[in-house]
Amino acid sequence: MPFSWKHQFFHIFLLLVSCRHIKTKTPGPTPPPLAPISPLPTADRSVVFKGESHTEKLEVLNPVSLTLECVWAGNHPKLPNITGFWKKDGEAIENSHLTVQLENDQYLIKRVFNIVNEESLGSYSCIFGNEAKVDFLLAAPHIAEVRDKPIVSYVGDSVVIPCKMEEPKPKPNTWKWYKDNGTAKEQIFAAGKLDRFEIKNENGYTKLTVHNLTEADSGLYYCGAVYAIATTMSHVKLKVISIQEPLKPFIAIMVEVIILVTAILLYERSQSKKNSTAGNDVNTDQSHIQVQEENSLEENSSMRQRKI
Amino acid sequence: MPPAATTSLGYSPPDGGWGWAVVFGSFISIGFSYAFPKSLTIYFKEIQEYFSVSYSEIAWVSSVMLASMYAGGPVSSVLVNRYGSRPVVMVGGVMVGTAMLLASFGTSIMHLYLCVGLIGGFGLAFNLQPALTIIGTYFQVKRPLANGLAMTGSPVILSTLAPLNQFLFDSFGWRGSFLILGSICLNCCVAGSLMRPVTKVVPPKPAKSESKSQSCAERFIDFSLFKHRGFLIYLVGNVVLFFGFFAPVVFLAPYAKHQGIDEYSAALLLTIFALVDMFIRPVTGFLGNTKLVRPKIQYFFSFAVSYNGICHLLCPLLPGYAGLVGYAVILGLGFGMVSALLFEVLMDLVGAHRFSSAVGLVTIIECGPVLLGPPISGALVDAYGDYKYMYYACGVFMLAPGIFLFVMHYFNYKKLEEEQRQSVAVEMRTSEETVQLNMSQKHTHCW
């Protein structure tokens, strides 16, 4: 998505707006109220475009009353009236059909949406007749993937699984951890110091430490970044194996080393035996000549050394 | 200074045959020594999370390992002087293997410093020195080529270990990977078993006059090297150049990312660098062996060092990704050339007999600049917020010693020629026949 200043200002605006909202919230796993007690903060987003379609991504942190506006330049020939309507997640919204007039050589559709919880997030589209549309993708900040391959650890050992919300994305209110137990996601609570699980939360990241691993601990783990509007998840797979697994290649390679070393040394032994039996007589003559050479060489080198 | 290494060796090296198996063994040992510490960085992020430590604390594991590897040089030299290369390399392989095995059961970061860092580093030192030394005992005529081939082990093993480590990490996590890496490092023992002591046709009585002046040296370390002109030139040049040698490679990817290049393209730069490096090392060895270069191989080394310096000075001027690719290529050329010649020129200066002590002394003194180089460069980058000052600094750190080496070796060669003329005159007076034999040997490596 191309970076735009409008997006950034909108972002900051939402952040400032949410600061006011946070003071009324209590920390802990209480679900955000469906019907807010105080009136929702408002925000708006306007897109001017030509052509057939356009996509806008919006990061939503807190419940907001969002006004979405689409302004379309139109196609030739430009009809004076055109039907426009809204869709959410691909399905038409009831009572959203209306006739749009051509004003200032443009068509304009506007609607207010109450974004209050996770269901309110998703894809909102404004549609001009059957010709053009804008998709607004509303989502809470996405967590960067921890690791695409599984984290490997050992029975009896401990493991640390991190989760981080990258800068410059807004930091979540808190973090939650879940484990996939086959059917559903089960939340992990790090109760006390004696517990096997340990959760350490800091503003931008969280760490789940699991002690005394067993093979049953293998599986998918989810870290959830909790925002007022929704919780975004990222997952990572944990694989717990026994120490036997790496032991097999270890022993295999050690055996290979022992075999090679023995083979090389035995080969050398056989070679030297061959040499000693073959050239015994020749050697004594040669050594005589060598001794002579050695003696004269000694004299030369000793003379040279005197010069140093 | 006795220029003829053959006479100080006392025998005629095979220059082939089993020597090539020894080169292969050295290839493995040298490769592991240089590549292993670098390849471990892949595990750091997970270990950092596991022990809840900062990144700099985990990066210390690499630094301790590198420091131990360099500091262990003299110890390694003493042992090689005493027992030969083979036992030391095999002990080294067992040490690294045991270190990684123990580390896989580690319960604290201190545990890792001790096992991976200290014991592992020493084990690698016991691999590096003997592997370099034994090449000098097997080769004389083809020695630059043998050295170039052996040093190619570093980029080759690094390119192998990098994806292997990634695979191990994905399959077994860090503990299992350390366990398996322990067994992989035991392959250094296989390399060691290849390092058969060279069969010297030596008389039963060792040369008395030689042993008198060198018996103490052979026992421990040959400190008389500090009076050796060539050794001192080498030492001074190397200490300065190592400040600027590794940093440009370490910062290549971050520099690329700083310029807005994405991670994969930045990683590709390192791959290009490694491939060029891999290719140029044996080529440099081969060139060093040619009749034209071999007698004046010190100039070749000085050229390689100066070339590196000029590359670093030019780097900031090269724009865009294409410029960086070009820089990665010329950096690979320069890095490979210097690496291939690094120990060959030392052997050339001090002779294979004293090489073991020389390399031990050199590595422990180089420990400082090797460890300080990247952090100083990092500090320069942080201070100015720009990479170009770091590249200028590294350029100077390499160009200055390059020029120094050119000049000093010009004088050194002159002096050596003079000494040789004098010694030749003396020899001709003593024995005709042995002189003819020596002359034919000397022709192959005129200094």
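**Chain folds, domains and a cavity in a predicted model**

The secondary structure of chain A comprises 3 helices and 17 strands. The model is a predicted one. Chain A has 308 residues, and 40% of them are buried. Contacts between residues at least 6 apart in sequence were also examined in chain A. Of these, 63% link residues at least 24 apart.

Chain A is assigned domain 1 (42–139) and domain 2 (151–241). Their contact involves 10 residues of domain 1 of chain A and 7 residues of domain 2 of chain A. Taken over C-alpha atoms, the centres of these two domains are 38 Å apart.

Chain B is likewise divided, into domain 1 (13–197) and domain 2 (221–429). Here the domain centres, again taken over C-alpha atoms, are separated by 22 Å. In chain B, 32 residues of domain 1 are in contact with 31 residues of domain 2.

The largest cavity holds about 130 Å³ of space. Its lining consists of 16 residues. Nearest the centre of the largest cavity lie B:Tyr34, B:Met151, B:Phe245, B:Phe246 and B:Ser339. By class, the lining has 10 nonpolar, 3 polar and 3 charged residues.

Both domains of chain B take part in this lining. Domain 1 (13–197) and domain 2 (221–429) of chain B each contribute at least three residues to the largest cavity. Three helices of chain B each supply at least two lining residues: H2 (18–39), H17 (320–350) and H18 (352–384). H17(B) gives the most, with 4 residues.

H12(B) spans residues 229–241 and has 13 residues. From its first C-alpha to its last, H12(B) reaches 19 Å, close to the 18 Å expected at 1.5 Å a residue. Its buried residues are B:Gly230, B:Phe231, B:Ile233, B:Tyr234, B:Leu235, B:Gly237, B:Asn238 and B:Leu241.

Neighbours within four places in sequence aside, B:Ser177 is in contact with B:Tyr43, B:Leu168, B:Phe169 and B:Phe172. B:Phe167 is 10 residues from B:Ser177 along the chain. The C-alpha atoms of this pair are 9.0 Å apart.

B:Leu161 also lies in H9 of chain B. At 4% relative accessibility, B:Leu161 falls under the 20% cut-off, so B:Leu161 counts as buried. With neighbours within four places in sequence again left aside, the contacts of B:Leu161 are B:Ala35, B:Phe36, B:Ser39 and B:Leu181. B:Ile364 is 203 residues away from B:Leu161 along the chain. Between their C-alpha atoms the separation is 26 Å.

Note on methods:
Residues numbered from 1 in each chain as written. Chains lettered and ligands numbered in written order. Predicted model: local features only at pLDDT ≥ 70, side-chain atom pairs only at ≥ 80, totals over all residues. Heavy atoms only, no water. 1 Å grid on protein atoms, 1.4 Å probe; cavity = no way out; pocket = protein on both sides within 12 Å on 5 of 7 lines; lining within 4 Å. Points joined across faces, edges and corners; volume = space filled by probe spheres on them. Nonpolar A, V, L, I, M, F, W, Y, C, P; charged D, E, K, R; others polar. Domains from an automatic or database assignment. Expected span 1.5 Å × (residues − 1). Buried < 20%, exposed > 50% of the residue type's maximum accessible area, 1.4 Å probe, protein only. Contact = heavy atoms within 4.5 Å.
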